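Here is a friendly walk through some helix packing, a chain-to-chain contact and a few backbone details. Please have a look at the model first, and then read on.

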2 protein chains.
Amino acid sequence: MRIRIRAPYLIFLGDEPDRLHAKTGVGIAHWRPALCTGQYRLPGSGVDLGLPDMTPAEAKAAGAATMIWGVAGVGGTIPAHWVAPLFEAAAAGLDVCAGTHSSLSAVPGLASAAKSIGVHLIDVRSPPADLPVGTGAKRTGKRLLTVGTDCVVGKKFSALSITQEMTARGWKADFRATGQTGIMIAGGGIPIDAVVSDFVSGAAEVLSPDNAADHWDVIEGQGGLFHPGYAAVTLGLLHGSQPDAFVVCHEAGREYVAAFPDCLLPSIPHLIEHTIVCGSVTNAGIRCVGVCINASALQAEERETCLRDLSALTGLPCVDPVATGVAPIVDYLDEHF
Amino acid sequence: MRIRIRAPYLIFLGDEPDRLHAKTGVGIAHWRPALCTGQYRLPGSGVDLGLPDMTPAEAKAAGAATMIWGVAGVGGTIPAHWVAPLFEAAAAGLDVCAGTHSSLSAVPGLASAAKSIGVHLIDVRSPPADLPVGTGAKRTGKRLLTVGTDCVVGKKFSALSITQEMTARGWKADFRATGQTGIMIAGGGIPIDAVVSDFVSGAAEVLSPDNAADHWDVIEGQGGLFHPGYAAVTLGLLHGSQPDAFVVCHEAGREYVAAFPDCLLPSIPHLIEHTIVCGSVTNAGIRCVGVCINASALQAEERETCLRDLSALTGLPCVDPVATGVAPIVDYLDEHF
C-alpha cells in the first residue's frame, strides 16, 4: 500500500537551465548518490549533478531500473520536447517516475507503450488505493516525526539529516517519505496530502509499520498544526505516526504563515505543548527531543545566540541541520530512549 | 463548488423491510416534509414515511424534481432488483440522487440514459472538483459548528435542531451539511470526509460563504478531534468553518471511542478547551455555547441530574435535543451574540 520505486536511477534533467528548478534531481543526488547511475540531459541544460551523462539505453545497460523526472516544468506540466525522452526511457526498459501535475498516464500513448514493453509509470502524486482508516493500535519499533511551525521550514531536510546521523552511528533507521521529493529520495512512501481525509491517519499507519524494538522510523512531517490550509494533513499524520519523539522545525525570523500574512505562527513552546496534547491521542509517551532551525538568513554569531537562547527556553538540543548538524538531537535520543 | 439537489423529492424505499435501514428517507421526511412529494415503494416494503405512494412518472407529474435513494442496501451496494427503478426515474425526467458505495454512474447504461434524457445523477459521496486550499480569510456572517466527543453522538441532529429553533424564531439561518444524509436533507453540501486532505479546510470555507451579518450558518460536525481515525477531517472542518460558536455533542454513558476500546474519550471540559485552542487559528473569538447530550439510555431523572451537573461544570446550557429541545442554547446565543 506504499509507492515503491525501483533503484538505481537515471535522473532526467531535460534542458532546464536553472538548478533551482531541478531540486528533485539535486535532492536525490545529494541524499542517495549510491542509487544514481547517471543523469540524462538535453542540449541547453544548465544543471549538472556531477553524475555520468547517459541516454536511457546506456543507463539500462549500466544497471539502472527507473528514470526519475528530476525537474519541475513551468506549472508542473510536461513540455512538448520532454515527451520523447519518456518514450525513450520506456523503450529502453526503464520504469518512469514523476511528480508532475499532469500525470504520466495523461501523455498520449505512453501508458500503452509502457504496458506493452512491461515497464511501470509511477506517479508520486497519486496515493495508493485501498488505504485503511486509522485505528490508533500501538505498533512495535520507535518513531520520530518532524513537525513545523509552518510549511517549507526544513521538515524533510531535518528528517533526512537525523536518519543519516542515526545510520552513521550504526542505528537501525529508515526515512519515511510523505511528499513527492521525499518519496523519490526514499524510493517509496505515500504522498500524504493527496490522501482523502478519512484515510490520512490510516495512510500514516501503513507508512511506518511494525518494526524491531530498536528501529527508528524517521517520518517526514507536512504542513503545520496551526496552518489555516493544511493542518488536517498534519494532524492525521501525527495521529497515524504515533511518534515517540518529535522535532520542531522552524525558519529563523519567520513570524507569519508563508503567504498568509494575517496568520501569526505559534511560538515554539506553544507548538511543543500543543503537539503533545494532540499526539497523546495515539501515544501517551510522546515528547519533544529537539528543535531544528533553518538559520540561513542569520550571521554565524546571531545563529549561535538564537540556538543558545532557544535551548535555554526549551531545555532541548537546538541545532541548524545545515550549519551545525543534528548530532546533539541524536545524542539526546541516545540518552533518553 | 457544492453539491446541489433539486427539490421536491420522491423518496425511493425499495422493498426494504426495516425502518432502521431507511434512515436517510426517514431523516428527509422528518426534517424536510415540505420538500417530499411522495414515496416510491416496491412490493414487500416494510417502511412507511407517511407520504403518498407514487411511481416516478406520477411524482414528476406532481412536480417532483429528484428521486432520492432513501435506503441503505447491504454493504451499500445496489441490489439487482433496485436497478430498474433507477432507469424508470430517469425516464420520467427525474434527477437521481444516492449515497450508495457503488456509485450510480457504475450502473451499466444508467449514465448514458440519464445524459440522453437530460437528467442528472448526483452522488452525494463524491466531493465537487476544484476545491481550493483553505486561506483562513475572515468571512462575514456568523457560524456555529457542532463538535463531538466521538462519531455518532448527535452532531447532525443537534445542528438540525438548532437551525430549526433559530428559523422558528425568525432568525436567518442555514443548516450546512457535511455528510451524505445531511446533504440529502439540506438539498446540498459537501461530503467533507471524502475530500482530499489538502483541501478539507478549503471545502469547509466554500460550504459557508460570506453572508449577512445577522445570518447563522449551523454546520454539521464530523468525527472528533480526539478520534484516532477521523481527527484530520474534524480539524480541517473546524479551521475552514471558522466558527464563532460551537456546541459539544456527547452520548451519555459513552467512555471510549466507538469500536476503539483502548481509546478513552476526552472529558467535555477538555474538549471545549482543546477546540478553542485549535479553532483560534481561524477565529480568535471562538467560544463554546452549549452541550447537547444524547441521553436516550438514561431515565428521565438521571437525565435531569446529568444535564444539571454538566451545566454546573461548564457554566453553559446543557440539553438533550430529543427530550428537552435546544431552546436554551439559542437563548444563550441570543444573549451573547
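## Two helices in chain B

H3(B) passes H4(B) in a right-handed crossing, where right-handed means that the near helix is turned clockwise from the far one by less than a right angle, and left-handed means anticlockwise. Helices here are DSSP runs of H or I with at least four residues, strands are runs of E with at least two, and both are numbered from the N terminus. This is a predicted model, in which local features need pLDDT of at least 70 and side-chain atom pairs count only at pLDDT 80 or more, while totals for chains, interfaces and linings use all residues. Residues are numbered from 1 along each chain as its sequence is written, and chains are lettered from A and ligands numbered from 1 in the order in which they are written.

On the H3(B) side, Leu86(B), Phe87(B), Ala90(B) and Ala91(B) meet Leu110(B), Ala113(B), Ala114(B) and Ile117(B) of H4(B). Contact means C-beta atoms, placed from the backbone, within 7 Å. By class, this contact has 8 nonpolar, no polar and no charged residues. Nonpolar covers Ala, Val, Leu, Ile, Met, Phe, Trp, Tyr, Cys and Pro, charged covers Asp, Glu, Lys and Arg, and the others, Gly among them, are polar.

## The buried face of H3(B)

Helix H3 (residues 83-91) of chain B has Leu86(B), Ala89(B) and Ala90(B) buried. A residue is buried with 20 or more other C-beta atoms within 10 Å of its own, exposed with 12 or fewer, and partly exposed in between. Seen down the helix axis, the buried residues of H3(B) fall within an arc of 100°, so they line one face; the arc is that of the directions from the axis to the C-beta atoms.

The cover over these buried residues includes helix H2 (56-61), strand S4 (66-69), strand S5 (95-98) and helix H4 (110-117) of chain B. Just after H3(B), Gly93(B) has a positive phi of about 95°.

## Where the chains touch

Chain B brings 29 residues into contact with 29 residues of chain A. Helix H7 (200-207), helix H8 (231-241) and helix H9 (268-279) of chain B each supply at least two residues of the chain B side. H8(B) gives the most to that side, with 6 residues. The residues on the chain B side divide into 16 nonpolar, 11 polar and 2 charged.

## Backbone details

A cis peptide bond joins Ala7(A) and Pro8(A), with omega about -5°, and Pro8(A) sits in the loop between strand S1 (3-4) and strand S2 (9-14) of chain A.

What about positive phi values outside glycine? Asp130(A) has a phi near 60°, and this residue is in the loop between strand S6 (121-123) and strand S7 (142-148) of chain A. Asp130(A) counts as exposed, with 7 C-beta neighbours inside 10 Å.

Terms used:
Contact = placed C-beta atoms within 7 Å.
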